[in-house]
Amino acid sequence: MAEDPAVYMAENRRQWESWTPRKAASARSGLDDFRRGGVRVHQVERDEVGDVSGRTLLHLQSHMGVRTLSWARLGARVTGVDFSAEGTATARSLARNIAPSARFVCANVYDLPEHLDGTFDVVYMSHGTLGWLPDLGEWAEIVARFTAPGGRFHLFEAHPTAWLFDQRADTRELCARHGYFSPGEPLRWRYRRPHTAPGTDADGWEYCWGHGMGAIVTSLVAAGLAIGHLRERPFVAWPMFPFLEQRDDGWWHLPDDMPSVPLSFSLMAHKPL
């Protein structure tokens, strides 16, 4: 495949258009239950983002809109953005029952200024999103562009250290497989089925870019944002490794007899007035 990141991103988008209807139809996604009520953002996120009542919130890479609409249920005026037409259609369908005023825009993050105007009190990204983006500098500029003066950007994501380890290993140990510093080319994964729809086949390749913590922080600072906090945590939002254990808090943890390593982090940055 060509080295142009746009080619890899187009292949990822093609895969998402195939996977998303299967995920939406899967009982494991629980969309019918979500229509009836509930909020699907972790309490950690709610505590860090704070009260969103009446505030404008932009959710970048919103997929099927479940977290976006959870913030709407918590009082935010929400806009979701995703590059998948199937994901955007699913989100709009959900919104008709939950938050008719919610907006969902089908666009690549890098192309968003061509599709959306204005700024937002809160810009939000969560769980398994940053690796789909090849250029952190351009990403950070987009984040800053849509964050209102005095507004905040919140990122909840798997820790760069966690991406070092072999996610396909069938052994009960953390085995380093990948380098921490990205060579520029994406990692290539054989994708067979969504974990939210384990009974379906979705054969293909996905491409993800690794980003170190220093690169993430530096790109946001270079774009004019001020870092408020960076918090590392020993749990993650999905079963990243086959031996992780989901606990009552809803997060996936390493077994108690394994060494503690950072599996996720949260970052808040604000835009000066």
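## A nonpolar patch on the surface

Let's start on the outside of the protein, where Val221, Ile227 and Leu230 come together as a nonpolar surface patch with about 210 Å² of accessible area between them. Please keep in mind that this is a predicted model.

How accessible is Leu230? Its relative accessibility is 37%, so Leu230 counts as partly exposed.

## A patch of negative charge

The surface also carries a patch of negative charge, where Asp111, Glu114, Asp135, Glu138 and Glu141 gather. For a closer look, take Glu138, which sits in helix α6, a helix made of residues 136-146. Glu138 has a relative accessible area of 35% and is therefore partly exposed.

## Aromatic pairs and a cluster

Turning to the aromatic side chains, the structure contains 12 aromatic pairs. One of interest is Phe241 with Phe243: the ring centres are 5.8 Å apart and the ring planes meet at 10°, so this pair is stacked. The reasoning rests on the plane angle, because planes under 30 degrees apart count as stacked. Are Phe241 and Phe243 buried or exposed? Both of these phenylalanines are buried.

There is an aromatic cluster to look at as well: Tyr8, Tyr207 and Trp209 together make up one such group.

Finally, a word on the backbone.

Where does Gln61 lie? You will find Gln61 in the loop that links β1 (56-60) to α4 (66-73). With a relative accessible area of 14%, Gln61 is buried, because the cut-off for buried is under 20%.

His127 has a positive phi too, near 55°, and again this is a residue other than glycine. His127 has 13% relative accessibility, so His127 counts as buried, whereas Glu138 is partly exposed.

Key:
Residues are numbered from 1 along each chain as its sequence is written. This is a predicted model: local features need pLDDT of at least 70, side-chain atom pairs count only at pLDDT 80 or more; totals for chains, interfaces and linings use all residues. Side-chain values use heavy atoms; hydrogens and water are left out. Patches are made of residues with over 30% relative accessible area and no salt bridge: like charges are joined within 9 Å, nonpolar side chains (Val, Leu, Ile, Met, Phe, Trp, Tyr) within 5 Å. Accessible areas come from the Shrake-Rupley method with a 1.4 Å probe; for residues, only the protein chains shown count as cover. A salt bridge is a side-chain nitrogen of Lys or Arg within 4 Å of a carboxyl oxygen of Asp or Glu. Lys and Arg count as positive and Asp and Glu as negative; His and the chain ends are not counted. The place of a charge is taken as NZ of Lys, CZ of Arg, CG of Asp or CD of Glu. Helices (H or I, at least four residues) and strands (E, at least two) are DSSP runs, numbered from the N terminus. Buried means under 20% relative accessible area, exposed over 50%, partly exposed in between (1.4 Å probe, protein chains only). Rings of Phe, Tyr and Trp (its six-membered ring) pair if their centres lie within 6.5 Å; planes under 30 degrees apart count as stacked, over 60 as edge-to-face and the rest as tilted.
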